[in-house]
Amino acid sequence: MLIASVAVAAVLGAVVLAVDLSSSGDDGGDRKAAGAAAPATGTASAVGRADDKRPSASASPSPSRSAKSGKPSASASASESAHGGGGADDGGGADEHPGGVPVNVATRPYVYDSPCSQHFLVDAEPEQVGPPATEQNAPRWSAAYGAVSSGEQRVALTVQGAGKETVVLEALHVRVVTKGAPLAWNDYSMGVGCGGGVETKSFDVDLDNGSPTVTVKNGQRDFPYKVSESDPEVFYVTAHTRAHDVRWDLSLDWSSGDRHGTVHIDNNGTPFRTSAAAGRPGYDYPLGSNEWISREE
């Protein structure tokens with residue numbers, strides 16, 4: 001009986017030992033599978049874009065943790081950030097490389113060449129329109145009354161390099177977005193008294209032309225120009241029409257080394273708008289006055 005008891009105990013011990021060994025083997029197999037599969041879906045694809053090399057064995061622990069958590073590893077995130085978009089050698093403009101364009105363009109949509117140079121068309125009677133605005137307040141004034149530049153619109157572009165490198169401004173283009181019949185609104189002058197200086201680097205756009213272009217004025221030279229962070233340029237563009245209501249914008253082609261692209265220029269996200277004023281009732285706001293006076297009086 002003693003011998004039989006020892007024999008039974010030995011058999012049971014062998015069974016327990018066999019079960020423990022089998023379970024340990026399964027866990028090891030699971031860890032190997034996770035460690036082998038994770039690089040194929042994580043690090044391998046991200047790092048492969050960077051240097052086209054296979055991931056080293058030392059990189060496998062991080063992807064295996066990422067595979068369990070469902071989040072990309074730090075190395076994968078860094079590679080995707082560095083190589084996810086087009087590089088500088090791809091060219092393209094502001095839309096294709098956010099924050100990567102080496103030029104900044106500040107726009108003033110209403111520039112007064114003289115106190116009476118800026119007119120606005122407003123769909124309202126004089127009693128409903130406030131006093132004229134200064135150049136600084138013109139954007140707010142026009143937005144408040146839904147005003148549209150009358151006859152012509154003078155825009156100032158201040159172009160400055162975003163870094164120390166020199167940027168070549170290759171060309172300035174105009175694009176007509178829409179063209180229709182002129183607005184049947186009242187014409188309001190922003191001041192009285194004419195006369196004013198002629199700025200350099202001025203350009204003209206005839207919006208009535210079938211294919212309008214930006215042309216130089218005052219005998220100055222045409223593009224290209226060069227700018228940098230310490231050497232900006234200011235360009236004045238005067239667009240005019242006698243027969244249409246036109247929505248339009250501009251584009252500036254630039255290059256810097258092997259990079260090139262285009263900056264689109266408009267009025268704070270919307271096209272500039274200029275409408276002919278021929279035959280429309282006109283009103284002035286004389287100095288010292290507190291009301292609009294018809295030009296026919």
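Me: Which strand does S3 join, and in what sense do the two run?
Reply: In this predicted model, strand S3 (residues 148-150) is joined to strand S13 (residues 272-275) by two bridges, and the strands run parallel. Serine 150 stands opposite serine 275 in S13.

Me: What other strand pairs with S13, and over how many bridges?
Reply: Strand S11 (residues 245-256) pairs with S13 in the antiparallel sense, over four bridges. Here valine 246 stands opposite threonine 274. As a general idea, side chains in a regular strand alternate between the two faces of the sheet.

Me: How many aromatic pairs does a search of the whole structure find?
Reply: The search finds 12. Take phenylalanine 223 and tyrosine 225: the ring centres are 5.2 Å apart and the planes stand at 85°, so this pair is edge-to-face. Planes over 60 degrees apart count that way.

Me: Is tyrosine 225 buried or exposed, and what is its relative accessible area?
Reply: Tyrosine 225 has a relative accessible area of 3%, so it is buried. Tyrosine 225 also forms an edge-to-face pair with phenylalanine 235, with 5.2 Å centre to centre and 65° between the planes. Because tyrosine 225 lies in strand S9 (residues 225-227) and phenylalanine 235 in strand S10 (residues 233-240), the pair ties together parts 10 residues apart in sequence. Phenylalanine 235 is buried as well.

Me: Which charged end sits over the ring of tyrosine 225?
Reply: That of arginine 221, at 3.9 Å from the ring centre.

Me: Which residues form an aromatic cluster?
Reply: Tyr110, Phe120, Trp141 and Tyr145 form one.

Methods. Residues are numbered from 1 along each chain as its sequence is written. This is a predicted model: local features need pLDDT of at least 70, side-chain atom pairs count only at pLDDT 80 or more; totals for chains, interfaces and linings use all residues. Side-chain values use heavy atoms; hydrogens and water are left out. Two strands pair if DSSP finds at least two bridges between them. Rings of Phe, Tyr and Trp (its six-membered ring) pair if their centres lie within 6.5 Å; planes under 30 degrees apart count as stacked, over 60 as edge-to-face and the rest as tilted. Buried means under 20% relative accessible area, exposed over 50%, partly exposed in between (1.4 Å probe, protein chains only). A charge sits over a ring if NZ of Lys or CZ of Arg is within 6 Å of the ring centre and within 35 degrees of the ring normal.
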